[in-house]
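I opened the model and kept notes as I went. The entries below follow the order in which I looked things up.

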Amino acid sequence: MPLVTSAEMFKKAYGKYAVGAFNVNNMEIIQGIVDAAKEELAPLILQVSAGARKYAKHGYLMKLIEAAVEDTGLPICVHLDHGEDFEICKSCVDGGFTSVMIDGSQFSFEKNIAVTKQVVEYAHAHGVVVEGELGRLAGVEDAVNVNAKDATYTDPDQAVEFVKRTGVDSLAIAIGTSHGAYKFTGEPKLDFARLEKITGLLPGFPIVLHGASTVLPEFVAKCNKHGGQLKDAKGVPEEMLKKAGTMGVCKINIDTDLRLAMTASVREYLANNPADFDPRQYLRPAREAIKNMVKHKIRNVLICSERV
Ligand code: G3H
Ligand code: 13P
Ligand code: ZN
């Protein structure tokens, strides 16, 4: 089974469930995720940020992912997360990725369209699919007022124009999620009406949700019990993600939950076994913690078990 694009995955998923896009940085993270997907027979996107490419190097991550495909026999899509310009997208297309994101959300609408279109032309010519982004993911969100929402959340009419003029294959939108472990200070809220408006105007077109970690309380508590300082960490409730998966959100991005699962496990292990110093001793349970967490997501949040 070779690496695949997300095109077929999204077609099958649309309106029924979402595919998990998990950020990868090293071997244990990759193995934990793919072992979970294999046991659940789930479609899978492994995504690599610019930071991950700096940390582990493109070639190492690519070889690890190829090994995962060989080991599991799963169709896996390998995706660039938050490509900031044409050059990084081109480098990932040339380097074997099957999907790239061009994140022009910090630019003006016209500049975002121009750079996204440039990436689409190059990627499509090489059989690679492209995710664009329109709207800005906020930092910690409380009760965002209507004017602020209109300034940062995705405008439905602009989304239609953006998709038409760029030719992107999927679109990341802003409806209230944000990256990291501190997503809300008050009650978690997503703008589902806006999502519905967007999918109503773009029927069948795959929508992507970034900043979609749940920030699982058990991992936060475990980190804090063993010396961590993650005060007031809060994520997107699982029920909201489940609902999004039935509304045209085909790709749900998860990184923070992987970081928390791994760190909680390492902290616990080292606190309980202060004399140990072989990295395999604490990375084995960390890999297992990732696997269990990803299995839970696949089964109970993404609802994409047995969809391969
Ligand atoms: O959206 C960002 C991802 O969580 C990747 O984070 O740039 O620190 O690798 P990173
Ligand atoms: P989280 O920080 O919520 O895991 O979001 C990850 C993400 O959107 C990667 O692009
Ligand atoms: Zn993101």
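With which side chain does the side chain of Arg194 make a polar contact? I am working on a predicted model, so every value here is computed from it. The partner is the side chain of Asp191, at 2.9 Å.

**Entry 1, Arg194.** I placed Arg194 in helix H9, which covers residues 192-201. Its relative accessible area is 12%, so I put Arg194 down as buried, the limit being under 20%. I then listed its contacts, leaving aside neighbours within four places in sequence. The list holds Lys149, Asp150, Tyr153, Thr154, Asp155, Pro156, Ala174 and Ile175.

**Entry 2, the zinc ion.** Which residues coordinate the zinc ion (ligand 3)? I found His82 through NE2, His179 through NE2 and His210 through ND1, at 2.0 to 2.1 Å. The spacing of these donor residues in sequence is H-x96-H-x30-H. His82 belongs to strand S3 (residues 76-83), while His210 is in the loop between strand S7 (207-209) and helix H10 (217-225). The pair is 128 residues apart and links distant parts of the chain. I also checked accessibility for these two donors. His82 has 23% relative accessibility and counts as partly exposed, whereas His210 has 1% and counts as buried.

One lies 2.6 Å from an N or O atom in the side chain of Asp255. For the side chain of Arg259 the distance is 3.0 Å, and for that of His179 I read 3.2 Å.

How many residues are around ligand 2, and which come nearest? There are 15, and Asp81, Lys183, Ser213, Asp255 and Thr256 come nearest. A polar side-chain atom of Lys183 is 2.5 Å from an oxygen atom of ligand 2. In the side chain of Asn253, an N or O atom is 3.1 Å from a ligand oxygen. Ala212 takes part through a polar backbone atom, 3.2 Å from an oxygen atom of ligand 2.

I counted one aromatic pair. Phe86 and Tyr122 form it, with 5.8 Å centre to centre and 80° between the planes, which makes the pair edge-to-face. Phe86 lies in helix H5 (residues 86-94) and Tyr122 in helix H6 (residues 109-125), so the pair ties together parts that are 36 residues apart in sequence. Phe86 counts as buried at 14% relative accessibility.

I found the charged end of Lys111 over the ring of Phe107, 4.2 Å from its centre. Lys243 lies over the face of Phe192, also at 4.2 Å from the ring centre.

Where is Tyr282? I found it in helix H13, residues 279-302. Not counting residues up to four places away in sequence, Tyr282 touches Val266, Tyr269 and Leu270. I also took the C-alpha to C-alpha distance from Tyr282 to Arg267, which is 8.7 Å for two residues 15 apart in sequence.

Key. Residues numbered from 1 in each chain as written. Chains lettered and ligands numbered in written order. Predicted model: local features only at pLDDT ≥ 70, side-chain atom pairs only at ≥ 80, totals over all residues. Heavy atoms only, no water. Phe/Tyr/Trp six-rings, centres within 6.5 Å; stacked < 30°, edge-to-face > 60°. Helix = DSSP H or I, 4+ residues; strand = E, 2+ residues; numbered from the N terminus. Buried < 20%, exposed > 50% of the residue type's maximum accessible area, 1.4 Å probe, protein only. Lys NZ or Arg CZ within 6 Å of the ring centre and 35° of its normal. Donors = N, O, S within 2.8 Å, 3.2 Å for Na, K, Ca; no water. Polar contact = N/O pair within 3.5 Å; in protein donor to acceptor, adjacent residues only side chain to side chain. Contact = heavy atoms within 4.5 Å. Near = heavy atom within 4 Å.
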